[in-house]
Amino acid sequence: MLEITKRLVELLYLAPIGDDHFRGDSQDLGFPHVFGGQVLGQALMAASHTVENRLCHSMHAYFLRPGNQHMPIDYEVQRVRDGRSFAVRRVSACQDGKEILTAIMSFHALEDGFEHQAAMPDAPDPASLRSEQDWGKLVAPHVPEKLGEIMTRDRPIEIRPVNPVNPLKPEKRPPHKQSWVRALGPLPDDPVLHRCLLTYASDFSFLGTSLNPHGVSFMNKGMQIASLDHAIWFHRDFRMEEWLLYDKDSPSASAGRGFNRGNFFNQQGTLVASTTQEALIRQR
């Protein structure tokens, strides 16, 4: 495993600190607060530690407060229900005695059933695209040094955007975005870890989909943007070190909020997961 990916895996594997209580470190990605995908992924890992022989099939979470990236996060899991096929867990993430995220997750035992899926949309091959870091190197000379470092630093999750937006000169576009994502290097054969990594990655560049029609970016003066909630459904097995197409659209924006949807497809065209998120997109 690559060292940079190993650090992310270690971040997601939490330390038990008591009955159904876990603690995770925070990661500084250069954002003002803890990256929401980190808290989502750690919360899913905490809940998964309390379930046997079942994998998460859905998670619904609300971001309540911004997290402090210089402090650990405590996760408390409540065992809501253990049935024959399904188990439900509620997770609270806290820092300094205050709740920063609340989530509920459902776990399902493997079984056969009806099968259908949406068709994979057209997208260029990931080998033909530049990574976000490559695009960041083009923008870095024109932004403050610290922001340029954030845009070009190495990451354990490689993202190759399709037709990326120039954050310095955003133009109005349809509310649709695509990117290919994968974890760098080989990973253990742990389906829980792969789900937590996908959850982590699903928060990258998601809310920006609802900004496309308005010709603005996170760099516009007076823009206040933040994830309000996040939901994810796991449909089929996948591996995070293999390329996944993240196809996103935004059907609505109103009242200072943007609604976003996403689907993850593997390169064989199989739909493996779906996401939704509502975000604050306020221009002061």
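Helix H4 has a face turned away from its buried side, and that face carries the exposed residues Glu145 and Lys146. Here exposed means a relative accessible area over 50%, buried means under 20%, and partly exposed lies in between, with a 1.4 Å probe and protein chains only. Helices are DSSP runs of H or I with at least four residues, strands are DSSP runs of E with at least two, and both are numbered from the N terminus. The model is predicted, so local features need pLDDT of at least 70 and side-chain atom pairs count only at pLDDT 80 or more, while totals for chains, interfaces and linings use all residues. Residues are numbered from 1 along each chain as its sequence is written, and side-chain values use heavy atoms, with hydrogens and water left out.

On its buried side, H4, which spans residues 145-152, holds Gly148, Ile150 and Met151. These residues lie on the same side of H4 because they cover an arc of only 160° around the axis, the arc being that of the directions from the helix axis to the C-beta atoms. An α-helix has 3.6 residues a turn, so residues three or four places apart point the same way. The buried residues of H4 pack against helix H3 (132-139), where contact means heavy atoms within 4.5 Å.

From this helix we can turn to the nonpolar cores. A nonpolar core is a set of buried Ala, Val, Leu, Ile, Met, Phe, Trp, Tyr and Cys residues joined through side-chain atoms within 4.5 Å. The largest such core has 55 residues, and within it Tyr75, Leu101, Met105 and Met240 touch the most other members. In soluble globular proteins, nonpolar side chains tend to be buried together.

Two strands pair if DSSP finds at least two bridges between them. Strand S9 (residues 223-227) pairs with S13 (residues 271-283) in the antiparallel sense over 5 bridges, and in this pairing Ile225 stands opposite Ile281. S10 is also antiparallel to S13, over 4 bridges, with Trp233 having Ser274 as its bridge partner in S13. Strand S12 (residues 257-266) and S13 pair in the antiparallel sense over 9 bridges, and Phe265 stands opposite Leu271. S12 and S13 form a hairpin with 4 residues between them, and Gly269 in the turn has a positive phi of about 90°.

A positive phi is also found in residues other than glycine. One of them is Asp20, with phi near 55°, in the loop between strand S1 (15-18) and strand S2 (21-24). Another is Ala255, whose phi is near 55° and whose place is in the loop between S11 and S12. Ala255 counts as exposed, at 70% relative accessibility.

Two other loop residues are buried. Arg236 is found in the loop between strand S10 (229-234) and strand S11 (244-254), and its relative accessible area of 19% makes Arg236 buried. What does the side chain of Arg236 reach at 2.8 Å? That side chain reaches the backbone oxygen of Leu271, and a polar atom of the side chain of Arg236 also lies 3.2 Å from the backbone oxygen of His116. A polar contact is a pair of N or O atoms within 3.5 Å; within protein, one must be able to donate a hydrogen and the other to accept it, and residues adjacent in sequence count only if both atoms are side-chain atoms. Not counting residues up to four places away in sequence, Arg236 touches Glu115, His116, Gln117, Thr270, Leu271 and Val272.

The side chain of Ser210 reaches the backbone oxygen of Leu207 at 2.8 Å. Leaving aside neighbours within four places in sequence, Ser210 is in contact with Ser250, Gly258, Phe259, Asn260 and Ile281.

Finally, we come to the cysteines. A disulfide is a pair of cysteine sulfur atoms within 2.5 Å, and by this rule the count comes to 0. Cys56 is buried at 2% relative accessibility, and Cys196 is buried at 0%.
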